[in-house]
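Student: I would like to go through this model by question and answer. Please start with the terms.

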Amino acid sequence: MTKLEATEGQNEMAPDPTQPDSTKPNATRPDPMQTLRSVSDQQRSRLSEGWVAFATTVRREIHRVVRIWPQTLLPPVITTCLYFIIFGPILGDRIGLMHGYTYLQYVTPGLIMMAVLTNSYQNVVSSFFGAKFQHHIEEMLVSPMSSESILLGYAVGGVFRGLVIGAVVGVVALLFADLPIVHPVLTIAVAVLTSVAFAFGGFINAMVARNFDDITIVPTFVLTPLTMLGGVFYSVDLLAEPWRTISYANPILYMVNAFRYGILGRSDMPLAVAFGVLSLFIIGFYLVAVWMLRRGIGIRS
Amino acid sequence: MSITTPPALRLRGLEKTYANGVQALKGIDLEVHHGEFFGLLGPNGAGKSTTIGIITSLINRSGGSIEVFGIDTNEDLEGAKRLVGVVPQEININQFEQPLHIVAQQAGYYGIPWREARERAGECLRWMGLWDKRATMSRTLSGGMKRRLMIARALVHGPRLLILDEPTAGVDIEVRRATWSLLEEINDAGTTIILTTHYLEEAEALCKQIAIIDDGRIVKNTDTRTLLSQLVTETFVLDPMQALAHAPALPGFATRLREDGSFEVDIARGVGLNKLFHALDHANIQVSSMRNKANRLEELFLGLVEESKERAASTPRPNEVTS
């Protein structure tokens, strides 16, 4: 789990020697309120203001991910590399072929997808809950930002982290296994949509969370088991009944298989169903998150 | 035909009942006029922060209406929010961000493009004397600097109404005085200010209009001068050259002996101090110093709150049987 920003980056800007060295309120400047024209006096459309507010949130979230890269980017890459080592040279050769692919080739799409979805989720849940915990979420709540801008701004941050990690893990995977990437556009589309769905899911988790335990419950007790049982390490065709039928209720199974189809050209599930499930989750989570924001659930008394 | 300017803030029947059943606000009616420096005073739990929270949309109201410069928040909340800046009671800055980023991001949330947002942020930080700290981590700032950073953040979009919830709580006297000067400067530039404070001297020094809130109701709302003129008596503490054994008898004045040998004198409004000095001369009491027993507004405040509580206690509840 990503810790709340315990260590942060170095200062980006050197002090400006041309400016007065004052640490006291400066009451001698000539009427600064003239410089700070009210936003209400400026002729900007609300659409343009909403776009700027959204872009500001995206910039802040991406800046956060990059600034604390040892916490956000490095650990999942190391963890996934360990999977490649174990399921490649150590165990993979003993397991043999799975549906005509080496075991490492077979599990790699699932491992990439696992990194994408968990990091998209964790980025949003930790960032938004951190803002709630420190109360600086109020900066956005008192502003004219729409609920949609807030949600999408955080979600793009989560998607950014998920996809960057997915890309890095994918590049590392190419060092261990030969991946044909049969349908590149489909592969990217599934990664993006899965990332969006889990970013929205992380947002909902953060909204209802009241303490740090609440943001670890879902990843530990829901996300990890569903991912492990979601066809990352095996084909559902190998399962006996009733486990095979039960597995069909796991949404992650569809996402992993759609992604595997994009890379290997092989899936246990119909592609249309996978996209249907993804769309359902994206729309459902989006509507719930916006409704919660508008009602102020977990953020307003 | 005269054109009437809408007030900076108009509250009508504002009510708030929390989920646990606590009725924090019981129908607040309030008007704050453009350009005013308005003080909202009240004891702990009176409803000050709840009122501020509702105005700034951090707390959902249970009833009533809010207008900001004539914009009804029920009809155009975003439009109303553009006109308001808020400095909350608790420190609520991102401890892991740099001041310049914090203030520039706030401008961005109001739709100000990044380049202009950074220029405005720089301007605000210079104004607050924080320019040299713009690139340091905000968690390393002192308490006073964090307060000023929150004021800079609240000003970056050029609000017409600035709301400050106890902005000088817990800061030293030097920072408090410097903050007062800043707030006066902001108000002089045309920004309407609403201030809640525990420091009654602060309200007396800054606010031209004061409302006192107690138990979720406004118990007084008038200008500071009128409020102070309602003082019936003022109490002074006098230090005699030689400690007294008992309270001196001064014709026309009530006196009480204090433990340290000094004594208190109540002086009715309209009675000149010369009369007191004459009485002291007549009683052959030499006085080395003299001071107000308490802040004048504090005396009045305590009296009004006490009066409000007595009135509430004497009002029969709906389910009580009265004879």
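Tutor: Helices (H or I, at least four residues) and strands (E, at least two) are DSSP runs, numbered from the N terminus. The model is predicted.

Student: How many helices and strands does chain B have?

Tutor: Counted as such runs, the secondary structure of chain B includes both kinds of element. The totals are 10 helices and 14 strands.

Student: What share of the residues in chain B is buried?

Tutor: A residue is buried if 20 or more other C-beta atoms lie within 10 Å of its own. Chain B has 323 residues, and the buried ones make up 43%.

Student: In which order do the strands of the open four-stranded sheet of chain B lie, and which stand at the edges?

Tutor: The pairing in this sheet is antiparallel, and the order is 12-13-11-14. From one strand to the next the twist averages 25°.

Student: Which residue of strand 14 of chain B is the bridge partner of B:Phe236?

Tutor: Strand 11 (residues 233-240) of chain B runs antiparallel to strand 14 of chain B, and five bridges join them. Within strand 14 of chain B, the partner of B:Phe236 is B:Asn292.

Student: Which residue takes a positive phi in the hairpin of strand 1 and strand 2 of chain B?

Tutor: Strand 1 of chain B pairs with strand 2 (residues 23-32) of chain B over seven bridges, in the antiparallel sense. One of the bridge pairs is B:Thr17 with B:Gln23. Five residues lie between the strands of this hairpin, and the residue with a positive phi near 90° is B:Gly21.

Student: What is the bridge partner of B:Arg12 in strand 4 of chain B?

Tutor: Strand 1 (residues 9-17) of chain B is also joined to strand 4 (residues 63-68) of chain B, antiparallel, by five bridges. There, B:Arg12 has as its partner B:Ser65.

Student: Turning to chain A, are helix 6 and helix 9 of chain A roughly parallel or roughly antiparallel?

Tutor: Helix 6 (residues 103-133) and helix 9 (residues 184-208) of chain A have axes 7 Å apart and pack at about 30°. Angles under 35 degrees count as roughly parallel. Helix 6 of chain A is therefore, relative to helix 9 of chain A, roughly parallel.

Student: How many residues of that contact between helix 6 and helix 9 of chain A are nonpolar?

Tutor: The contact includes A:Met113 and A:Phe128 from helix 6 of chain A and A:Phe198 from helix 9 of chain A. Seven of its residues are polar and one is charged, while the nonpolar ones number 13.

Conventions: Residues numbered from 1 in each chain as written. Chains lettered and ligands numbered in written order. Predicted model: local features only at pLDDT ≥ 70, side-chain atom pairs only at ≥ 80, totals over all residues. Buried ≥ 20, exposed ≤ 12 C-beta atoms within 10 Å, placed from the backbone. Axes fitted to C-alpha atoms, helices over the stretch in contact; angles between N-to-C directions. Parallel < 35°, antiparallel > 145°, perpendicular 65-115°, else oblique. Contact = placed C-beta atoms within 7 Å. Nonpolar A, V, L, I, M, F, W, Y, C, P; charged D, E, K, R; others polar. Pairing = 2+ DSSP bridges.
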